[in-house]
Amino acid sequence: MSQPNPLLETPEPLLEIKGVNSFYGKIQALRTVDLSVHRGEIVTLIGANGAGKSTLMMTICGKPPCRDGTIRFDGRDIHALPMHEIMRLGIAQSPEGRRIFGRMSVLENLQLGAFLTDPHHFEEDLERVLQLFPVLKERSGQRGGTLSGGEQQMLAIARALMGRPKLLLLDEPSLGLAPLIVKQIFSILKELNRTQNLTVFLVEQNAWHALHLAHRAYVMVNGRITLSGKGSELLEKEEVRAAYLEGGQ
Amino acid sequence: MEYFLQQLINGVTLGSIYGLIAIGYTMVYGIIGMINFAHGDIFMVSSFISLIVFLALLSLGLTFIPLALFLVLVISMVITAAYGWTVERLAYRPLRDSFRLAPLITAIGMSIVLQNYVQIAQGARVKPLPPIIKGSYTLMEHDGFIVQISNMQIIIILTTLILMLGFSWLISRTSLGRSQRACEQDRTMAALLGVNVDRTISLTFVIGAALASVAGFMYLLYYGVIDFYIGFVAGIKAFTAAVLGGIGSLPGAMLGGLIIGLIETFWSAYFSIEYKDVAAFATLAIVLIFMPSGLLGKPEVEKV
């Protein structure tokens, strides 16, 4: 497979968010957010706790619904669809807090990840995912709730990958994990993007890792996008360094 | 000893019926966290449906009884499932995101609606059905006391056993069962994986109602009398069974049903038949006080 240049702008992005406002009850969480992710790209969104990053992730998936603006995915408007139909179009999310099914086995969690895909290639997908995260193979009969934090994070990503997504949404995969495991997870993401052209949209507080990994990045403050650009460019910016990197590395 | 054995058989039969109803309570509680108080009345409606369909088939000239009963069971399951679906759609789904007590109140309302509907449509008098499945086996005879198991009892126990095995397989091994359990644990995450949560909840009501209709069918054949009020007592007892087993736990509901059936039967046999309901409900009180999560229930605390 030939590698398209991820920075080459294609006419229509895989995911395009325009002028989106989103509310949690009466609190406005997103303010006219514009953002796009192209095929084959890794895009990251960084910002402080409570900036609205996870809300954006969930708004893409339909809950909370966006009140104004449009969200297009793969050539379709998706902002009016219910969550399960949005996911059917080829989006998978590894959500904030991992949300592993704690009373089900690791294998069952992965089977649920493949809920929407053709059961005929389940074995093949399972093999592929377990190769990426060999620790899950050893744990396959264990209940999800008994895994360590790092293992749960790997399971959450593996579960999302089981759905063969066109777009993988990752919400803070590094939260609460040991640096070594964070490094491992990020290198797997990089590898998947390089070899399988997987498109990734990543939300992170761990800005240093995320900016190094991503082709492009956005910065969110109080529900607004305040900065965007190439990951490597943002790493150099003084305001980014001051707000998100000082003390980080 | 013979007397004990006889009561054991009777208790297991009764417990089978309670167990089938209890599954409906526990499944609905598991997935949306509410007690569906109309479930007992769904059971009552199903016994009426069985009776009506049976009489209709007879009057159509179907006299081969085993076939007629089989058809009655299937038709009754389908119609009762439709009732279960409708109740959820009308009374619970619009209140999905409302405050916690709201669906509980409509559940009680729905229960009254179903009772009154049957009372008006079918009359308040009891409806008798002469015994259809006759015959029994003598297991032992001693000092003039005979231990018997009737064909009807064999049918009830076997049907329940087969249904519960099939149902356990459905829940633990199939994709449908997995998505059902996923919705129980985390509805948002299930939806993020593409599970249609509303449909899964509807399906839970449909399955629960279908199992209750088997219970209603067997209740009709076993006791031979039904009225519009049987759903209340049977429903509350099945609810007790679900709590005893651990509400939300499917094996718990089956086990709880069995135990409640045995407690009630032995209480009637050795103490007082007038106070058999007291025994069942005293069990509920004792379980709630000393063992709130039931025999097989999961404790509320979970590792994060």
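## Legends to the close-up views

**View 1. In the strand pair shown here, Met140(B) stands opposite Val147(B) of β3(B).** The model is a predicted one, in which local features need pLDDT of at least 70 and side-chain atom pairs count only at pLDDT 80 or more, whereas totals for chains, interfaces and linings use all residues. Residues are numbered from 1 along each chain as its sequence is written, while chains are lettered from A and ligands numbered from 1 in the order in which they are written. Strands β2 (residues 136-142) and β3 (residues 145-150) of chain B run antiparallel and are joined by six bridges; strands (E, at least two residues) and helices (H or I, at least four) are DSSP runs numbered from the N terminus, and two strands pair if DSSP finds at least two bridges between them. In this hairpin, which has two residues between its strands, Asp143(B) adopts a positive phi near 50 degrees. None of the seven residues of β2(B) is buried, so the strand lies largely in the open (buried: 20 or more other C-beta atoms within 10 Å of the residue's own; exposed: 12 or fewer; partly exposed: in between; C-beta atoms placed from the backbone).

**View 2. Strand β4 (residues 66-73) of chain A is joined to β1 (residues 15-24) of that chain by six bridges, and the two run antiparallel.** Across this pair, Lys18(A) stands opposite Thr70(A) of β4(A). β4(A) also pairs with β5(A), in the antiparallel sense and over two bridges, and here Phe73(A) stands opposite Arg76(A) of β5(A). The hairpin of β4(A) and β5(A) has two residues between the strands, and Asp74(A) takes a positive phi near 55 degrees in it.

**View 3. Pro82(A) occupies the loop between β5 (76-77) and α2 (83-88) of chain A.** Pro82(A) has 16 other C-beta atoms within 10 Å and is therefore partly exposed. Between Pro82(A) and Arg139(A) there are 57 residues in sequence and 33 Å in space, taken C-alpha to C-alpha.

**View 4. Domain 1 (13-90 + 167-182 + 198-249) and domain 2 (99-165) of chain A are shown as given by the domain assignment, whose bounds come from an automatic or database source.** Their C-alpha centres lie 24 Å apart. Eleven residues of domain 1 of chain A are in contact with seven residues of domain 2, contact being a C-beta to C-beta separation within 7 Å, with these atoms placed from the backbone. On the side of domain 1 that touches domain 2, the elements giving two or more residues are α2 and β7 (167-171) of chain A, and β7(A) gives the most, with three residues.

**View 5. The largest nonpolar core has 156 residues, among which Ala158(A), Ile21(B) and Ala215(B) touch the most other members.** Such a core is a set of buried Ala, Val, Leu, Ile, Met, Phe, Trp, Tyr and Cys residues joined through C-beta atoms within 7 Å. Helix α8 (residues 197-223) of chain B supplies the largest share of this core, 16 residues. Because both domain 1 and domain 2 of chain A give residues to the core, it lies between them. Leaving aside neighbours within four places in sequence, the contacts of Ile21(B) include Phe43(B), Ala212(B), Ala215(B) and Ala238(B).

**View 6. The contact between the chains takes 20 residues from chain A and 18 residues from chain B.** On the side of chain A that touches chain B, the elements giving two or more residues are α2 and α3 (106-113) of chain A. The predictor gives the complex an ipTM of 0.91 and a pTM of 0.90.

Terms used. Two residues are in contact if their C-beta atoms, placed from the backbone, lie within 7 Å.
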